[in-house]
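Please look over the sequence and the structure shown here. The paragraphs below lead from a helix to a strand and then to the aromatic rings.

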Amino acid sequence: EKDAVISWGEPAAGVYNLIRGTNPQPGATTRYRGGELKIFDCRLLPESSSHSPGEVVEVGPEGFAVAAPGGVVLVKRVQPQGSGKMGAPEYVGSVALKAGDRLGK
């Protein structure tokens, strides 16, 4: 089964629906620091963002928010390459992800 790859340039609602539609399996895939990162659980925040698509806008207690056209996707559960699923806050701590980082590269 082909992985669903997130295109952060797509409208935020489309990114949200892709992630929601592939949870719990196989997960929607993006890249971070050259590695694969699957996203399983998220929330759509309709506020507009002046950040570029795929940019981490904010890191908080629930996870991290990523900009996409027309909104922001709050990522809550992930699976890094070669690892099990984990809460996004735990992942943030393990890789020191911060606002301004970029997903999809």
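Predicted model: local features only at pLDDT ≥ 70, side-chain atom pairs only at ≥ 80, totals over all residues.

Residues are numbered from 1 along each chain as its sequence is written, and side-chain values use heavy atoms, with hydrogens and water left out.

Start with helix 1, residues 12-21. Helices (H or I, at least four residues) and strands (E, at least two) are DSSP runs, numbered from the N terminus. In helix 1, Ala12, Val15, Tyr16 and Ile19 are buried. Buried means under 20% relative accessible area, while exposed means over 50% and partly exposed lies in between (1.4 Å probe, protein chains only). Viewed down the axis of helix 1, its buried residues fall within an arc of 100°, so they line one face of the helix. That arc is taken from the directions from the helix axis to the C-beta atoms. What covers these buried residues includes strand 2 (28-32), strand 3 (35-45), strand 5 (64-68) and strand 6 (71-80); here, contact means heavy atoms within 4.5 Å.

Strand 2 contains Thr30. Thr30 has a relative accessible area of 2% and is therefore buried. Its side chain makes a polar contact with the side chain of Trp8 (2.9 Å). A polar contact is a pair of N or O atoms within 3.5 Å; within protein, one must be able to donate a hydrogen and the other to accept it, and residues adjacent in sequence count only if both atoms are side-chain atoms. Leaving aside neighbours within four places in sequence, the residues in contact with Thr30 include Ile6, Leu37 and Leu103.

How many aromatic pairs does the structure hold? There are 2 aromatic pairs. Rings of Phe, Tyr and Trp (its six-membered ring) pair if their centres lie within 6.5 Å; planes under 30 degrees apart count as stacked, over 60 as edge-to-face and the rest as tilted. The ring centres of Tyr32 and Tyr91 are 6.5 Å apart and the planes are at 70°, so this pair is edge-to-face. Tyr32 lies in strand 2 and Tyr91 in helix 2 (residues 88-95), so the pair ties together parts that are 59 residues apart in sequence. Phe64 and Tyr91 form a tilted pair, 6.5 Å centre to centre with 40° between the planes. Ring pairs link Tyr32, Phe64 and Tyr91 into a cluster.
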